[in-house]
Amino acid sequence: MSRLPKIDKKPKNNKSTKFRWVDSQWEKFMTEQKELKKQILQLEIENAELRDRLYELGEDPNQMKLFK
């Protein structure tokens, strides 16, 4: 039978040792999700700023061709 991996810190949601590994994985997932949502928001803001800059320069971002 395989052994459970070592857990970094004690989970805050569940005090039982039965589901400690699952809780630790859940906490890692939730932390990653918060970081990714924050990054998405920053990228959306940056995209809006770049679009505004293009409009100021007289370009229409919807009509631009992408280079490969």
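Reader: Which residue just after α1 takes a positive phi?

Author: This is a predicted model, in which local features need pLDDT of at least 70, side-chain atom pairs count only at pLDDT 80 or more, and totals for chains, interfaces and linings use all residues. Residues are numbered from 1 along each chain as its sequence is written, and side-chain values use heavy atoms, with hydrogens and water left out. Helices (H or I, at least four residues) and strands (E, at least two) are DSSP runs, numbered from the N terminus. The protein chain has one helix and zero strands; just after α1, a positive phi of about 90 degrees is taken by Gly-58.

Reader: What distance separates the end C-alpha atoms of α1?

Author: The expected span of a helix is 1.5 Å times one less than its number of residues. For the 37 residues of α1 this gives 54 Å, which agrees with the separation of the end C-alpha atoms, 54 Å.

Reader: Which residues in α1 are buried?

Author: Buried means under 20% relative accessible area, exposed over 50%, and partly exposed in between (1.4 Å probe, protein chains only). Of the 68 residues in the protein chain, 7% are buried. In α1, the buried residues are Asp-23, Ser-24 and Glu-27.

Reader: How is the pair formed by Trp-26 and Phe-29 classed: stacked, edge-to-face or tilted?

Author: Rings of Phe, Tyr and Trp (its six-membered ring) pair if their centres lie within 6.5 Å; planes under 30 degrees apart count as stacked, over 60 as edge-to-face and the rest as tilted. By this rule there is one aromatic pair. Trp-26 and Phe-29 lie 5.6 Å centre to centre with 40 degrees between the planes, so the pair is tilted.

Reader: Is Trp-26 buried, partly exposed or exposed?

Author: Trp-26 and Phe-29 both lie in α1, three residues apart, about one turn of the helix. Phe-29 has 44% relative accessibility and is partly exposed. Because its relative accessibility is 47%, Trp-26 is also partly exposed.
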